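Okay, everyone, thanks for coming. Let me put the model up on the screen, and then I'll walk you through a few spots in it.

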Amino acid sequence: MAPTDTTAEAPYEFHVFEDAHDHDHAEEHAHETGTMLGFWLYLMSDCLLFGILFAVHAVLGQNYAAGPSPADLFEIEKIALATAFLLLSSITYGFAAINMQQNNARVMSFWLVVTLGMGAGFLFVSYLEFTHLWHIGATPMASAFLSSFWFLVGTHGMHVLGGSIWLVILLIQVQMHGLTPENKRRVMCLSLFWHFLDLIWIGVFSFVYLAGVLL
Amino acid sequence: MSADNSTHGSYRSYIIGFVLSVILTVIPFYVVMAEVEMDILWAMLIIFGLGAVQILVHVQYFLHVSVGAEDGWQFMSLIFTAVVLVIILAGSIWVMFHLHENMMPAHDTIERVRELQ
C-alpha cells in the first residue's frame, strides 16, 4: 500500500493568540507579557524535573548499602548557613525588583550585587560541603542514597550557579544599556528564577537534610 | 506579572514574606539542631508541614502568583504542575514502598564492608 501523501494536506499551524490587552503600551508590552508567561512555563517544567529527583530520593534515600547515613554525614549548621544566604538573597532581589520598577538603575544594581554576594556565599558553603563529602569517601558511587543525594542537591547547586552567571551578565547589560524594556524583562525573568530556586531549596533542606538526619 | 506595580510587590510585602519565611525556617532547624525531645512523627509533621506552608508563602509574597495574571494561565499552569507533582511523588513512594515490602532481603549484597567509616 502506497504511503499517503501528507504534503498534499495543509500543514498544521500552531498559533498562540495574544490579546493586545494593553493598548496604551503598544507592541513592547504584549511582547513582554508573552516572554514572562513562557519563562513561567519553563519554571514549571523545571519544577517537574526537581519533583522527579525528589521522588527518586524518596525511594532511594534510605538505601545506604552499608555506607554512611545522613546522620553520619550532614552538618546541619552548614545547611542553616546556606539557607540563610539563600533566604536573604530572595529579599535583596525583591528590593532590586522594586527599584527597577521605580527606574532607580543604580540602587537596583546595588541590590543585585548584594544578591550576587549572597548567591556566592551559598555556592561557597555548598562547595565546602561537597568537597568535604568527597574527601571522606561519600561519593555518588558509594550508595544509592548518595547517588540520589548528589544528583538532587547538585542539580539545585548548578541552577544557583547558572543564576549567578546570568546575574553577572545582567549587571553588565544594565551597565551598558541602562534600564531598557528588554533589560527590565530580563530582571523580572531572573527574579522568578531566583525566587523559584529558593522555593526548591525549602524542599531540599526539609526533606533531604532535616528529615534525613532524623530518620 | 505584567508591569503594573501591584504584581511586583512592595517593600512591605517582601518584608512580610521574609519574616514569615525566617520563622518557618527557624522552627524546623531548631527542632533538629537542639535535638528537641519529641515523637519522630511530630518532628516530621513539623518539618514537612512548615515546609509546605513556607512554599505557599514564597509563591504568594516572592513569586506573586495571582489567579488573574496572564489571563489565568500562570495560576492554571501552577495548579497543573502541582497535580502532576503529587501524582509523581505519592505514586512513586506508594508503589516503591510496597515493592520493598514484597522483596526478599538479598543477604549477599549487604556484605559490603563499611569502608567509608
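Predicted model: local features only at pLDDT ≥ 70, side-chain atom pairs only at ≥ 80, totals over all residues.

Now step back into α3(A) itself, residues 76–101. How long should a helix like that be? At 1.5 Å a residue, the 26 residues of α3(A) should span 38 Å, and the end C-alpha atoms are 38 Å apart, so the two agree. This helix is also mostly covered, with 19 of its 26 residues buried.

Okay, chain A as a whole. Of the 215 residues in chain A, 40% are buried. And if you take the contacts in chain A with a separation of 6 or more, 81% of them come from residues 24 or more positions apart.

Let me zoom in on one residue, Ser191(A), which sits in helix α6, residues 181–214 of chain A. Is Ser191(A) buried or exposed? Well, there are 23 other C-beta atoms within 10 Å, and the cut-off for buried is 20 or more, so Ser191(A) is buried. What does Ser191(A) touch, leaving out residues up to four places away in sequence? That would be Tyr93(A) and Ala97(A). Leu167(A), meanwhile, is 24 residues from Ser191(A) in sequence, and the C-alpha to C-alpha distance between them is 9.8 Å.

Chain A puts in 46 residues and chain B puts in 46 residues. On the side of chain A that touches chain B, the elements giving two or more residues are α1 (26–60), α3 (76–101) and α6. Which of these gives the most? It's α1(A), with 15 residues. By class, that side of chain A has 32 nonpolar, 11 polar and three charged residues.

Over in chain B, have a look at helix α3, residues 40–61. Same length check here: 22 residues at 1.5 Å each should span 32 Å, and the end C-alpha atoms are 31 Å apart, which agrees. The buried residues in α3(B) are Ile47(B), Leu50(B), Gly51(B), Gln54(B), Val57(B), His58(B) and Tyr61(B). Look down the axis of α3(B) and those buried residues fall within an arc of 125 degrees, so they line one face of the helix. On the other side of α3(B), you'll find Leu41(B), Trp42(B) and Leu45(B) exposed. And what do the buried residues of α3(B) pack against? They pack against α6 of chain A, together with α2 (11–33) of chain B.

Last thing, confidence. For the complex, the predictor gives an ipTM of 0.81 and a pTM of 0.83. Chain A averages a pLDDT of 87, with 85% of the residues scoring at least 70. Over residues 20–31 of chain A, though, the pLDDT is below 50, and that stretch has six contacts in the model beyond near neighbours in sequence. Chain B averages 83, and 78% of its residues score at least 70. There, the pLDDT is below 50 over residues 1–6, a stretch with 10 contacts in the model beyond near neighbours in sequence.

Okay, that's my tour. Over to you.

Technical notes
Residues numbered from 1 in each chain as written. Chains lettered and ligands numbered in written order. pLDDT = per-residue confidence, 0-100. Contact = placed C-beta atoms within 7 Å. Helix = DSSP H or I, 4+ residues; strand = E, 2+ residues; numbered from the N terminus. Buried ≥ 20, exposed ≤ 12 C-beta atoms within 10 Å, placed from the backbone. Nonpolar A, V, L, I, M, F, W, Y, C, P; charged D, E, K, R; others polar. Expected span 1.5 Å × (residues − 1). Arc of directions from axis to C-beta.
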